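Subject: Handover of the two-chain model

Dear colleague,

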Amino acid sequence: MLAIESVDTQLDELLALICEELQLPEGKHRLAEERYRSIGAWLCEPGSRLAAFTPQIYPQGSLSIGTPVKPWGRDVHDLDLVCELLLNHERIANPLVLLSELEARLRERGIYTLERKNRCIRVVYASDFHMDIMSAVPHNAGTPGSLLVPDRDAKAWKPSNPKGYTAWFNGRVALVLPVREAMAKAIEPLPRPQAATEKEPLRLVVQLIKRWRDMTYQATPDYAPISVVLTTLAGHSYSGLISVNQALMEALDKIVATIDRAPGRIVVRNPTNQLEDFSERWDENPKAYAAFTAGIKDFQKRWKGVNALRGPQLNKALESLFGEKVTQNAVLKQVEAVSKARDSGLLRVAGATGLLTSALKSRAIAVPRNTFYGD
Amino acid sequence: MDLYRCNKASWTGQLRPASLSAEYTVRVSYKWEGKPRVSVLSPTLHAREDGQPIPHVYDGPELCLYLPKAREWDPSMQLSETILPWTSLWLLYYEAWQSTGVWTGGGVHPGGVKIAEKKS
């Protein structure tokens, strides 16, 4: 069956192909992995000043939950890592010493360009991406995976739980599994391999929302809602739907409903560490919150609109939400599947409606070879 | 009785090549032993905003669905098994071309200039 044979499968495939355009390409992903391992080894190896504290290195953020979105405009993609040290925070008078020790170790290698960020040291590479390394210690009083993170602005420890968050998000993603398994049992496997739709719907929803955010707040980056807030809102709203289109509509509807119900601003906490308020920046920046609520309500309206459109108008609407190039590339990829069927002599058309198909249905007519002509 | 009219037939119907496509009203007119002429009544076909003209049409515009020299079509064939499926296919590529500026359905221009076909 071709994806174009039903509205749901065609739109879902188009969205998955758009997300494929947003990923880090294969080559960059391998480069990221190399750099990650290299830095990790430098921090952990026996000669390191951190070695005595049994450092654990692990990713956090979009790469660890499979929702990377390629940079837009000036922003260079950043990869987030944690360097967790086995230390008792009560024995540390000044939390910021964790950052200075991390920085010192990185400087010792002599090859890194470093920047100090509020909660991490940024390793700046000449191209492609930065690595933001967050230093932390376990917070034993908290839920499993809880950390205390030195925060320069606060000059104090701040709570976090990246491992817990990753586990929570993956748990939400997995809500689709029962439906997938049921469908896999109900449908005989096709002879050809599956296409772009391998990725679970919730991950695609997050990628699309982040991309919308990048497009919408280009001119006003200070008002752009941060990724972890959007990811958490999407994670909470997800109910296991197998269609990425419907899951996106569900997410937008639920987020807007939450905004309308809230007495003040909505509060988005780390689901695995209630002490961590991901959305705390809205307290100092009410204009950003207003820009977020207006934006997400507009997105909701536009997404409803997308579902009512057909033909090139639909593609134009997707372009305005997610970008011209990625949408157009996705459209071309989708048509390519039809061209493949055509070239293989497998293309058919349903007589009554002209719908192109590859299935051997009773009223489907084979499409004979032809060459378009004319100017 | 008008012999001319007796030998002429036309079919008008709706085609939607892909589920997300628009629905096109198409007319095929056919004179006995003549060539079938295919036109899109609605929505109106138009050039791209960047000025690119519609590919693979004759004046009209009428759709150019086959290569006359290659005998891909001849009057012995059923229109419903040739012209109509090719029209659907043409509309699919037309929509993608409207959105992207790229025609990936292959084809040839008069004078034998072959358009680079999309690799399969």
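Predicted model: local features only at pLDDT ≥ 70, side-chain atom pairs only at ≥ 80, totals over all residues.

Residues are numbered from 1 along each chain as its sequence is written, chains are lettered from A and ligands numbered from 1 in the order in which they are written, and side-chain values use heavy atoms, with hydrogens and water left out.

Chain B has two helices and seven strands, taken as DSSP runs numbered from the N terminus (helices H or I with at least four residues, strands E with at least two), and their order along the sequence is α-β-β-β-β-β-α-β-β. Of its 120 residues, 48% are buried, where buried means under 20% relative accessible area, exposed over 50% and partly exposed in between, with a 1.4 Å probe and protein chains only. Among the contacts in chain B with a separation of 6 or more, 44% join residues 24 or more positions apart, contact meaning heavy atoms within 4.5 Å.

The contact between the chains involves 47 residues from chain B and 40 residues from chain A. Together the two chains bury about 3,700 Å², with 63% of it on carbon and sulfur atoms; this buried area is the accessible area (1.4 Å probe) that two parts lose on being put together, summed over both. On the chain B side, B:Ser19, B:Leu20 and B:Ser99 lose the most area to chain A, together 19% of what that side buries.

Turning to the rings, those of Phe, Tyr and Trp (its six-membered ring) pair if their centres lie within 6.5 Å, and planes under 30 degrees apart count as stacked, over 60 as edge-to-face and the rest as tilted. Over all chains there are 20 aromatic pairs by this rule. A:Phe299 and A:Trp303 make an edge-to-face pair, at 6.4 Å centre to centre with 85° between the planes; both residues lie in helix 11 (residues 286-308) of chain A, four residues apart, about one turn of the helix, and both are buried. B:Tyr66 and B:Trp73 form a tilted pair, at 5.8 Å centre to centre with 35° between the planes. B:Tyr66 counts as buried because its relative accessibility is 9%, and B:Trp73 is likewise buried, at 8%. Ring pairs also link A:Phe372 with B:Trp90, B:Tyr93, B:Tyr94, B:Trp97 and B:Trp103 in a cluster.

Two arginines lie over ring faces in chain A, A:Arg35 at 3.9 Å from the ring centre of A:Tyr125 and A:Arg105 at 3.5 Å from that of A:Trp42; the criterion is NZ of Lys or CZ of Arg within 6 Å of the ring centre and within 35 degrees of the ring normal.

There are zero disulfides over all chains, a disulfide being a pair of cysteine sulfur atoms within 2.5 Å. For A:Cys83, the nearest cysteine sulfur is that of A:Cys44, 6.6 Å away, and A:Cys83 is buried at 0% relative accessible area. A:Cys120 is buried as well, at 13%, and its sulfur is too far for a bond because the closest cysteine sulfur, in A:Cys83, is 12 Å away.

Finally, helix 8 (residues 227-237) of chain A is mostly covered, with eight of its eleven residues buried, among them A:Val229, A:Leu230 and A:Leu233.

With best wishes
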